[in-house]
Amino acid sequence: MSHRELDDMLGTKWRKPRFVPNPYLRWTLTVGFIAYLIAAYMTIDVNWARVYEGLDRGAQFVLAFTKPDFVSRAGDIWSGLLESVVMTVAASVVGILISIPIGLGAARNIAPMPIYLICRGIVAISRALQEIIVAILLVAIFGFGPLAGFLTLSFATIGFLSKLLAEDIESMDKVQAEAIRASGARWMQWINYGVQPQVMPRLVGLSMYRIDINFRESAILGLVGAGGIGATLNTAFDRYEYDTAAAILLLIIGIVMALEYLSGIIRARVQ
Amino acid sequence: MPVLERNGGHEWRRRTTGESLIRWFGWLIGVAVFVVCWQRISEATTWFFVWDAPRIADDIWSRATPPRWEYITQLGRPIWDTINIATLGTIIALFLAVPVSFLAARNTTPSALFIRPIALLIIVSTRSINSLIWALLLIAIIGPGVFAGVIAIAIRSIGFCAKLLYEAIEEIDQSQVEAITATGASRWQVMAYGIVPQIMPAFAGIAVFRWDINIRESTVLGLVGAGGIGLQLSASLNVLAWPQVSLILLVILAAVVISEWVSAKVRGAII
């Protein structure tokens, strides 16, 4: 800072620096944002009378959480939940197994160009399609049942895990991999001793995280007929059996919390 | 690292015999669990439909191509609704997530014993339930429509945003906070000048990241009746209008790709 600038600043009050320094850009963004908010609000017609009527039911639902009903639909809840867990386990295993080679192929520093492009293409397709949309298509093709859900979750796992694994491989330490290669290792040995130890902790952590996501997603696949607890939950809502719905939601939250706790322990151990 | 003596020479091994036995046993259990899960899925599957699947897929493909391009004139309003659901939902969620995250962060919470667990419970319970399930619930309570979608997205996003934000708050540089405190600032002034400037980039990044995810999620909310382009999708699926379905899927794909591009650009500009 030159003398002049400092002299000019002395005696003037300190002002908070702005988040967006350019004033024109700042004002355009602000005005545009407010205009958008008004436009958006105008097009949402909220039926306040209906909302007011519904508050009663909302209160009932919140109250249902204090006395969830695990018993009267125990059979349905149990079989739905088991199906969700089964789908999660099978899809996570298959998804992780397939995503490892694809992740290797999608890493620019390991794979040659054609393989890289193919693997990146698979990742992009899998990530762009929503689980529930894939499930709709697979249910139409393979029929109702957990097989469609299993395929959906496996497909989604591939996109998620391969991308993050590939990014991790691309940012790995080259020196270690080169040292292994210099010892005369074959390609398989190079991957096994040069690359794998570097990415293993992250791969385990990401896999645990994906299992968690897969379970949460398996809870909604039932809405489109792809198996799992979602169908039971949907029926409970349709019949206004809030106590059963509350029980299912509590079970889902409980299992997700348990999975998160477990993955925390495992991640702490591998790192 | 164990070294075995064999045939008069030393042989290096990665693990001791006991360790490898335990690992082998762990793998055995894992494989057994997977086989059991696969059997359950296989029992619940009508294999005839699966063998027939290539023909069905071919059939659907021939029905769905080419997309009915002129239908796009009817998709303007639904896509506008979808964007509104995502944007308004994200804004509401951010307003609610900020106080929750300040209550959940270890260094800003008023009471680590009572208030922090409640904030963490809010985060976990809103995060573990998918927005489609929130939408189902809200439709039962406040009736179908865009409004239910906005609230569903908002509730689902609270946990996600609050979790990332409270982790950012816990990682701030404490010396800046101390410096502000040393000037005699009140609790609120410390927050406004010591903490907020440090988490602002993280906050903006989280907001854009979540907005991107919310665009994806809001495209399918219509499947359960919560407004947006999903309504058109489910209507077209119900009447088996496959050319319309393929056009809607293309529009959704375009929306997802554009939102991801915008979010990547904005995050690149901030960080």
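Leaving aside its neighbours within four places in sequence, which residues is A:Y193 in contact with? I will answer that in a moment, but please keep in mind throughout that what we are looking at is a predicted model.

To place the residue, A:Y193 is found in helix α9 of chain A, which covers residues 187-221. Once the neighbours within four places in sequence are set aside, the contacts of A:Y193 are with A:I180 and A:A185. A:Y193 counts as partly exposed because 17 other C-beta atoms lie within 10 Å, and a residue would need 20 or more to be called buried, or 12 or fewer to be called exposed. As for distance, A:Y193 and A:A236 are 43 residues apart in sequence, and from C-alpha to C-alpha they are 52 Å apart in space.

Let me turn now to where the two chains meet. Here 46 residues of chain B are in contact with 43 residues of chain A. On the chain B side, the largest share, seven residues, is supplied by helix α6 of chain B, residues 131-142. If we sort that side of chain B by residue kind, we find 35 nonpolar, nine polar and two charged residues.

Finally, a word on the record for chain B. An unreviewed UniProt entry lists "transmembrane region" for residues 21-41, 83-105, 112-129, 135-155 and 247-264 of chain B. In the model, residues 247-264 of chain B are 100% helix and 0% strand, with the end C-alpha atoms 26 Å apart. Residues 135-155 of chain B, by comparison, are 86% helix and 0% strand, and their end C-alpha atoms are 10 Å apart.

Definitions and conventions: Residues numbered from 1 in each chain as written. Chains lettered and ligands numbered in written order. Predicted model: local features only at pLDDT ≥ 70, side-chain atom pairs only at ≥ 80, totals over all residues. Contact = placed C-beta atoms within 7 Å. Helix = DSSP H or I, 4+ residues; strand = E, 2+ residues; numbered from the N terminus. Nonpolar A, V, L, I, M, F, W, Y, C, P; charged D, E, K, R; others polar. UniProt positions renumbered as here; feature names shortened; annotations may be inferred.
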